[in-house]
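Open the model in your viewer and keep the selection panel within reach. We will walk from one selection to the next, and at each stop I will tell you what is there.

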Amino acid sequence: MKFGGTSVGTGENIRNVANIVKNNSKKGHKILVVVSALAGITNQLIHEAEEIKEGKEERIQEFIKELTEKHLQAIDKAIENKKLKNETEVDVKKIIEELEKILIGICYVGELTLKTKDQVLSFGERLAALIVSATLRDYNLESQYFSGKKAGIVTDSKFGEANPLMNFTTHQAIKRIKPLLEKNMIPVITGFIAANQDGVVTTLGRGGSDYTATILGVALDVDEIWIWTDVDGIMTSDPKIILDAKTLIGLSYGEAAEMAIFGAKAMHPRALEPIIKKQIPVRIRNVFNPKNPGTLISEGAEVKSIEVVKAIALITDVSMINIRGAGMVGAPGSYAKIFKILGKNNINIMMVSTAVSEANISIIIKRNQLEKAISTLEIALLGKGLGNKVTSEDDVCVIAAMGANMKGSLGVASRIFTAVAKKKINIHMIAQGSSELNISFVVKERDGPTAVNAIHEEFNLSK
Ligand code: ADP
Ligand code: ASP
Ligand code: MG
C-alpha cells in the first residue's frame, strides 16, 4: 500500500491511514507500506533550499522551526501513547538537526547540486515514514521504519530522476524485507528516495513514491499494489478541473501507462514500467472513501466504452520552444543536432511537431528547464550556418485526449478540434503518436480548462 502526501497531510489523516492498514491486516493480508512526505513538504524543501543557496541565512532557522512544528503537530494528533509520542518527537528532532547542517552547508557554499538537492528532498519522506510507522505501533501493529536505501532500492546516479537497478534491488529487498512480512511485521518504507551503488541518496523524480511501490511490489512479487490517494481512482479528467469527471473502474496497463505519461497526476509516469512484465494488478483507491473499490489496472480490466476518447489530461508547467530557419531545410541531421544538445543537458522533450517544409520545429519541455534550454540551443546553434531563430512561449499547456479505441477510428481529431474551435480557442501545436492512442495539442494556459471541458462534453465522458 502506498499513501500519497495528502493521505498523510495531517495527524488526523495519518490515523486514518493507520486505520486502513489495521483493517486490512485484520483480514489476514501481509502489508508493506510506502509513504510520501506530508502534503506540501517536498515543494517547501525545494523552495527553501533554493532561497538558502542564495545566501538567505536567516531562512534556515525560520524554516527549521516551521518544519519541526508541522511534524510535531502531526505526531501530537497521530500518536496517543505518551512514551511512543515522546520517542517519535526525539527521533524527528534528530533527523531535522541533520537537515539543518546540510542547509547551513548549502548557504555557505552557495551551491545546490542535483546530488545535494536529493539529500535535502529525502528528509520529507524520512520524517513521514518515521511518524507513520510509530502510529501503526500506536495501533498495536508491529511496524518498523526503513529508508528506501535500507530497504534495498538501488539506482543509477541520475540524481533527481534516478533509475532502479531491478536485479540488485530485488536481491536486497528479498533479503531485508521479506523476512519481516513473514513475521507479520509491517515495514513502512520511504517512497521517492533510494541510493546509488555507493550509498549516496537519489530520488526517483517528482511523484516517485508510486514508483517505489511498484519497484518493491515487483521485487517482492506481491499479489496486488494499492495506491491510496485523495480521489476515487483514475478519472476521465482531473476532478479539480472537471467537476463531473467520472472514475474509470478498469484500465489495461497500456491505457494506464498512456494516461500516466500524459500527466494524469494520479500516477508517476514510469511507475507501471516494472509491473507490466509481471502483470501485478494495481488499484488506485481513495483514503477518504475506502469503501469505493477505485480503479483496477490489470490486463483485461479495461472497460469497453462506446466512445473512442476515454480520458483527457491537462499538463501545465510546460513551455514551447520554436526553432525556425531556412538553414534546416534539406539539411540532414539538423533535428538530430537539436535533440542531441537538449539530451546532453538533461532536458527532456515531452512533445515534438514539425512542418513538412522543414523550416520549423516546435518542442515542448518542462517550464523550469526553459531558460537552460534556450541558452543551450542558442550557444549550440550559433555559427552553425543553420540561420536559426529560437523563440519560446511559457504560458502554454498541453492537452492530451486518450483511449485505446482511438486507434483506427475516423474523425476523432476532427471532433476534438471542432469542439475546441467552437470555444474560439487557438491551437498552437498538434502531435499524434504513431501508437494512435492519444492526440495531444497545445493551447494558451488560460484556455486549458475550457478546452478540456469542451472535449469532455463532446465525448460524453461524464455519462
Ligand atoms: P498523491 O499525493 O496521493 O500522490 P497526487 O497529487 O500525486 O496524489 O495525485 C492525485 C491528484 O491527481 C488528484 O487529487 C487529482 O487532482 C489529480 N489528477 C489529475 N488527473 C487525474 C485523473 N485523470 N484522475 C485522477 N486524478 C487526477
Ligand atoms: N514527495 C515526493 C513529491 O512530492 C514524492 C511523491 O509524493 O510521490 O514529488
Ligand atoms: Mg503523486
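Predicted model: local features only at pLDDT ≥ 70, side-chain atom pairs only at ≥ 80, totals over all residues.

Start by selecting Leu220: with a relative accessibility of 6%, this residue counts as buried, where buried means under 20% relative accessible area, exposed over 50% and partly exposed in between (1.4 Å probe, protein chains only). Leu220 sits in the loop between helix H9 (209–219) and S8; helices (H or I, at least four residues) and strands (E, at least two) are DSSP runs, numbered from the N terminus.

Residues are numbered from 1 along each chain as its sequence is written, chains are lettered from A and ligands numbered from 1 in the order in which they are written, and side-chain values use heavy atoms, with hydrogens and water left out.

Now select Asp221. Asp221 lies in that loop between H9 and S8 and is partly exposed at 48% relative accessibility. Check its backbone as well: phi of Asp221 is positive, about 50 degrees, although Asp221 is not a glycine.

For another positive phi, go to Asn140, a residue other than glycine with phi near 60 degrees. Asn140 is placed in the loop between H5 and S3. Is Asn140 buried or exposed? At 69% relative accessibility, Asn140 counts as exposed.

Next, select Ser143, which belongs to strand S3. Ser143 has a relative accessible area of 8%, so it is buried. Show the polar contacts here (pairs of N or O atoms within 3.5 Å; within protein, one must be able to donate a hydrogen and the other to accept it, and residues adjacent in sequence count only if both atoms are side-chain atoms). The side chain of Ser143 has such a contact with the side chain of Ser133, at 2.8 Å. A polar atom of the Ser143 side chain also lies 2.9 Å from the backbone oxygen of Ile186. Ser143 stands opposite Ile186 of S5.

S3 pairs with strand S5 (residues 186–190) in the parallel sense, over 4 bridges; two strands pair if DSSP finds at least two bridges between them. These strands belong to an open sheet of 8 strands with mixed pairing, in the order S3-S5-S2-S1-S8-S10-S11-S9. Strand S3 (143–146) and strand S9 (250–251) are the edges: each has a single partner strand, so one side of each has no neighbour in the sheet.

Now colour the largest nonpolar core, which has 54 residues. Such a core is a set of buried Ala, Val, Leu, Ile, Met, Phe, Trp, Tyr and Cys residues joined through side-chain atoms within 4.5 Å. Among the residues with the most contacts inside this core are Phe3, Val8, Val33 and Leu103. Elements giving two or more residues to this core include helix H1 (11–26), strand S2 (33–35) and helix H4 (82–109). Which element gives the most to this core? H5 does, with 11 residues.

Select ligand 1 and its shell of 18 residues, of which the closest are Thr229, Asp230, Asp238, Lys240 and Lys265; a residue counts if one of its heavy atoms lies within 4 Å. Oxygen atoms of ligand 1 lie 2.7 Å from a side-chain N or O atom of Thr229 and 3.1 Å from one of Lys2. A nitrogen atom of ligand 1 is 2.8 Å from a backbone N or O atom of Met235. The protein covers 89% of the 570 Å² of accessible area that ligand 1 has on its own (Shrake-Rupley method, 1.4 Å probe).

A nitrogen atom of ligand 2 lies 2.7 Å from a side-chain N or O atom of Thr42. An oxygen atom of ligand 2 is 2.6 Å from a side-chain N or O atom of Arg206. For Gly207, look at a polar backbone atom, 2.7 Å from an oxygen atom of ligand 2. Ligand 2 exposes 260 Å² when taken alone, and the protein buries 86% of that.
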